[in-house]
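Hello,

Here is the structure I promised to pass on to you.

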Amino acid sequence: MRRPRRNRASEAIRDLAQETTLTKNDFVFPLFLLEGKNKKSEVESMPGIFRLSEDLMLKEVEACLKLGIKGFDIFPVVDESHKDKLATKSYDSEFFYLKSLTKIKKEFPEALVITDVAMDPYSSDGHDGIVEDGKILNDQTLDILGQMVLAQADTGADMIGPSDMMDFRVGYLRNILDEQGFTDTGIMSYTAKYASAFYGPFRDALDSAPKFGDKKTYQMNPANSREALLEAELDFNEGADVLMVKPALAYLDIIQRLKSNFNIPIAAYNVSGEYAMIKAAGSKGWLDADKAMMESLLSMKRAGADIILTYFAKEAAAHLDQHQ
Ligand code: PBG
């Protein structure tokens with residue numbers, strides 16, 4: 001008689017039979033960068049996650065590298081006074097985000113630095129594209145993204161992360177990078193990025209919520225999965241190095257579909273709301289937050305994620321150190 005429980009009878013056989021293993025090599029840590037010096041503020045809806053100024057960010061990156069985390073996705077917290085309709089600060093080489101990226105790469109060349117390519121942190125409309133008469137323009141936005149990407153590539157960043165869901169942006173940006181000699185700068189494309197309620201805490205962190213409407217004319221409908229394959233095909237053909245699915249937990253089927261159809265690394269973005277849910281329930285004693293964290297990260301890997309962007313990166317790395 002086949003009795004599946006035999007392979008669960010002891011820790012030894014369970015370990016031997018284990019199909020998926022999470023390691024520190026899987027994690028990218030998203031970080032929020034502040035302008036100024038010696039500044040640190042906790043994101044209220046993301047307990048344990050801090051916005052940091054450059055000096056403290058350098059210490060954070062160093063600590064993470066020591067822990068074994070190698071990848072960092074860095075987002076700027078832009079003061080309202082710097083925002084405008086065309087996100088001009090996003091490609092101003094004197095702007096703190098670009099200066100700090102240069103500093104981070106200089107001090108820690110071994111760290112993999114990923115940038116965020118989208119207008120929303122710098123846009124007075126809080127949208128990822130140029131707004132005209134209430135509409136989000138696509139092709140005109142590409143022009144700004146192109147300037148943003150060249151300024152970011154110039155900092156020495158390893159990968160750029162277009163997170164806006166404009167059409168053609170991967171091909172457009174690949175082309176511009178190649179033309180300017182940045183052939184080694186990679187593109188991690190936010191390929192299947194859904195119009196999700198799980199981004200709430202991130203928008204608190206950056207104060208980047210849309211000033212009107214929502215993002216449904218560019219981010220994907222959560223009801224669709226074949227459309228994710230279409231987006232992936234386009235990004236793959238346009239030259240993306242990594243395809244990302246975002247959010248992760250409610251979209252594990254999408255991670256699996258991309259993994260089985262495209263032979264490049266698949267990333268999952270375990271977003272701010274997913275972090276907040278576990279932290280909130282944990283702090284109430286409604287579940288064991290540490291176990292829920294490891295279980296959800298493992299599920300992303302099992303679904304097919306090669307790379308997991310997660311605010312839990314440090315905690316999960318510490319957990320792995322203690323339990324191995
Ligand atoms: C926007 C962007 C968002 C996130 C990353 N880049 C939010 C949005 O689309 O409004 C969300 C990340 C998270 O929730 O952790 N370009």
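Leu101 is buried, with a relative accessible area of 0%. In this predicted model, Leu101 belongs to helix α3 (residues 96–107). Setting aside neighbours within four places in sequence, Leu101 touches Ile74, Val113, Thr115 and Thr155.

Next, strand β9. With helix α5 (residues 169–179), β8 and β9 make up a right-handed β-α-β unit. β9 also runs parallel to strand β10 (residues 242–246), joined to β10 by five bridges; Ala192 has Val245 of β10 as its bridge partner.

Helix α7 (residues 226–238) is worth a look too. Its 13 residues reach 19 Å from the first C-alpha to the last, close to the 18 Å expected at 1.5 Å a residue. Ala228, Leu229, Glu231, Ala232, Asp235 and Glu238 are buried in α7, and what covers the buried residues of this helix includes α5, β9, β10 and α8 (252–261). Gly239 follows α7 and has a positive phi, near 110 degrees.

Most residues other than glycine have a negative phi, and most peptide bonds are trans. Met165 has a positive phi, near 65 degrees, and Phe168 likewise has a positive phi near 65 degrees. Met165 sits in the loop between β8 and α5, and that loop also holds Phe168. At 4% relative accessibility, Met165 counts as buried. The peptide bond from Lys246 to Pro247 is cis, with omega near -10 degrees, and Pro247 is placed in the loop between β10 and α8.

Finally, the aromatic side chains. How many aromatic pairs are there? The count comes to 12 aromatic pairs. In one of them, the ring centres of Phe32 and Phe75 are 6.2 Å apart and the planes meet at 50 degrees, so the pair is tilted. Phe32 lies in strand β1 (residues 27–34) and Phe75 in strand β4 (residues 71–76), so this pair ties together parts that are 43 residues apart in sequence. Both Phe32 and Phe75 are buried. Another tilted pair is formed by Phe236 and Phe262, at 5.8 Å centre to centre with 45 degrees between the planes. That pair links distant parts of the chain, 26 residues apart: Phe236 is in helix α7, and Phe262 is in the loop between α8 and β11 (266–270). Phe236 counts as partly exposed at 36% relative accessibility, whereas Phe262 is buried at 11%.

Phe32 and Phe75 also belong to one aromatic cluster with Tyr190, Phe202, Tyr269, Tyr275, Tyr311 and Phe312. Lys246 lies over the face of Tyr269, at 4.7 Å from the ring centre, and also over the face of Tyr199, at 4.7 Å from that ring centre.

Best wishes

Methods: Residues are numbered from 1 along each chain as its sequence is written. This is a predicted model: local features need pLDDT of at least 70, side-chain atom pairs count only at pLDDT 80 or more; totals for chains, interfaces and linings use all residues. Side-chain values use heavy atoms; hydrogens and water are left out. A crossover is right-handed if, with the strands pointing away from the viewer, the path from the first strand over the helix to the second runs clockwise. Helices (H or I, at least four residues) and strands (E, at least two) are DSSP runs, numbered from the N terminus. Two strands pair if DSSP finds at least two bridges between them. Buried means under 20% relative accessible area, exposed over 50%, partly exposed in between (1.4 Å probe, protein chains only). Contact means heavy atoms within 4.5 Å. The expected span of a helix is 1.5 Å times one less than its number of residues. Rings of Phe, Tyr and Trp (its six-membered ring) pair if their centres lie within 6.5 Å; planes under 30 degrees apart count as stacked, over 60 as edge-to-face and the rest as tilted. A charge sits over a ring if NZ of Lys or CZ of Arg is within 6 Å of the ring centre and within 35 degrees of the ring normal.
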